[in-house]
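Here are a few exercises to work through with a model open beside you. Take your time with each task before reading its solution.

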Amino acid sequence: MKKIEPQQIGDIINDVFRRSGQTGNVERHRALINWVNVVGTGVNQQTTRRYVTDNGEMHVYITSAAVKNDLMFMRTKLLEALNSYAGSPDAIKDIIIH
């Protein structure tokens, strides 16, 4: 019987996603769930809905026009922060604020 070296569970999970071709989906989901960490709880309370498409566009629905306007000016920094959480520089390609 072949002896297998012990591995970290995170490495095993990442390998499964890589082999199945789902790494991009995992990265986009990681960015999506970290929205609150990037914008803070105040802005997150104004967020009614958010999702990421398969081509990397993040759609965010905001209830406050003032917050929406502020976020529009911060799109580049938001993209950088979200992609940092995702672990990939191009997980999120654009943010569309509604």
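**Exercise 1.** In this predicted model, find which residues of helix H2 (residues 23–33) are buried, and work out how they are placed around the axis.

*Solution.* Start with the cut-off: a residue counts as buried under 20% relative accessible area. In H2, that picks out Glu-27, Arg-28, Ala-31 and Leu-32. Next, look down the helix axis: these four cover an arc of only 140°, so they lie on the same side of H2. Finally, ask what covers them. Among the elements that do so are two helices, H3 (35–39) and H6 (75–86), along with strands E1 (47–52) and E2 (57–62).

**Exercise 2.** How does the radius of gyration of the chain compare with that of a compact globule of 98 residues?

*Solution.* First take the reference: a compact globule of 98 residues would have a value near 13 Å. The chain itself has 17 Å. Then turn to the box filled by the C-alpha atoms, roughly 65 × 25 × 20 Å along the principal axes. To finish, check burial: 29% of the 98 residues are buried.

**Exercise 3.** How far apart are the mean positions of the positive and negative charges of the chain?

*Solution.* Count the charges, 12 positive and 10 negative.

How values were computed
Residues are numbered from 1 along each chain as its sequence is written. This is a predicted model: local features need pLDDT of at least 70, side-chain atom pairs count only at pLDDT 80 or more; totals for chains, interfaces and linings use all residues. Side-chain values use heavy atoms; hydrogens and water are left out. Buried means under 20% relative accessible area, exposed over 50%, partly exposed in between (1.4 Å probe, protein chains only). The arc is that of the directions from the helix axis to the C-beta atoms. Contact means heavy atoms within 4.5 Å. The radius of gyration is taken over C-alpha atoms; the globule rule is 2.2 Å times the number of residues to the power 0.38. Lys and Arg count as positive and Asp and Glu as negative; His and the chain ends are not counted. The place of a charge is taken as NZ of Lys, CZ of Arg, CG of Asp or CD of Glu.
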